[in-house]
Amino acid sequence: MSESAVKWPSGRGRFVTFEGGEGTGKSTQIKKLADRLKAARMRILVTREPGGSPGAEIMRHLVLSGMGKLLGPEAETLLFAAARDDHVRTVIQPALNQGTWVLCDRFADSTRAYQGSLGQVPAALINAMQRVTIGDLKPDLTIILDLPVEIGLQRAAARRGSGTPDRFEAEKLGFHQGLREAYRKIAADDPARCVLIDANSDPDTVAGRVWTALRDRLLPTPASVVSI
Ligand code: T5A
């Protein structure tokens, strides 16, 4: 089913998040999906975490510089939460309310994987922060890009060139392997929301898989198809 054969749902926008380890291709795939949706005349907002609003971009600079790590895992989690709170209130929720589809590069699953599973921050703290920052807001679809960690880290290093790895890119291989497992578990635990996608192919092939997931999950009924 192509974009032109789709009768897009109206009303509140849909919230689609992209997750995965370092260099798995989230930004690349979000751009491809956004281009395709825009070609179908959808109203699209592409955003990211940490960041996505002026206040949250300041927090992004703080955590990716490694300052948050100095404060310890719990405090670093609070920094991500503060950034998310601003982003949700000032950008994501207003856009969804206006019928815009929001494509977000990382969201709450990143906190569960990086700070929860790998940073060993207690689930009780993460759940409490989630209640404060996002309340009932839940992605309609979460695309989790899955890739052998060596390939993801090579891609991230190639893109970075001679630049310095950020706070999380600089972690050891075991950290990234644990991250991949954490994301696989998130996908397995919430199959109604999450789709695990093999990202170990060329960008257009992966984009085809992402499109199929979106079509199947967010445009599922035969009534969504109109003849052309
Ligand atoms: N974080 C974030 C937390 O710890 N807790 C949280 O709650 C949140 C929200 C953010 C960091 O913050 C952490 C997680 C992160 O470590 P970031 O700079 O936003 O850091 O970086 P990431 O989100 O990790 O994204 P990356 O920049 O590492 O990579 P992407 O977006 O997954 O990958 P992308 O698309 O930029 O591609 C990387 C390179 O690979 C190429 C691209 O051209 C690019 O050069 N590429 C491919 N090459 C071959 N085949 C393909 N299919 C390819 N797809 C892309």
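In the predicted model, helix α5 contributes four residues to the shell around the ligand, the largest share. Helices α1 (26-39), α2 (54-64), α4 (73-97), α5 (108-118) and α7 (149-160) each supply at least two residues of this shell. The residues around the ligand number 25, and those that come nearest are Glu 22, Lys 26, Ser 27, Thr 28 and Thr 111. By class, the shell comprises ten charged, nine polar and six nonpolar residues.

A polar side-chain atom of Thr 28 is found 2.5 Å from an oxygen atom of the ligand, and an N or O atom in the side chain of Lys 26 lies 2.6 Å from an oxygen atom of the ligand. At Ser 201, a backbone N or O atom is 2.7 Å from a nitrogen atom of the ligand. The ligand taken alone exposes 1,000 Å², of which the protein buries 84%.

Two or more lining residues come from each of α1, α2, α4, α5, α7 and α9 (203-218). The lining of the largest pocket consists of twelve charged, twelve polar and ten nonpolar residues.

The second largest pocket holds about 230 Å³ of space. Among its 16 lining residues, Arg 112, Gln 130, Ile 134, Lys 138 and Arg 193 lie nearest the centre. Helices α5 and α6 (123-133) give two or more residues to this lining, which divides into seven charged, six nonpolar and three polar residues.

Methods:
Residues are numbered from 1 along each chain as its sequence is written. This is a predicted model: local features need pLDDT of at least 70, side-chain atom pairs count only at pLDDT 80 or more; totals for chains, interfaces and linings use all residues. Side-chain values use heavy atoms; hydrogens and water are left out. A residue is near a molecule or strand if one of its heavy atoms lies within 4 Å of it. A polar contact is a pair of N or O atoms within 3.5 Å; within protein, one must be able to donate a hydrogen and the other to accept it, and residues adjacent in sequence count only if both atoms are side-chain atoms. Accessible areas come from the Shrake-Rupley method with a 1.4 Å probe; for residues, only the protein chains shown count as cover. Ala, Val, Leu, Ile, Met, Phe, Trp, Tyr, Cys and Pro count as nonpolar, Asp, Glu, Lys and Arg as charged, and the others, Gly among them, as polar. On a 1 Å grid over the protein atoms alone, a cavity is a set of points where a 1.4 Å probe fits but cannot get out, and a pocket is an open set with protein on both sides within 12 Å along at least five of seven lines; lining residues have an atom within 4 Å of a point. Grid points are joined across faces, edges and corners, and a volume is the space filled by probe spheres set on the points.
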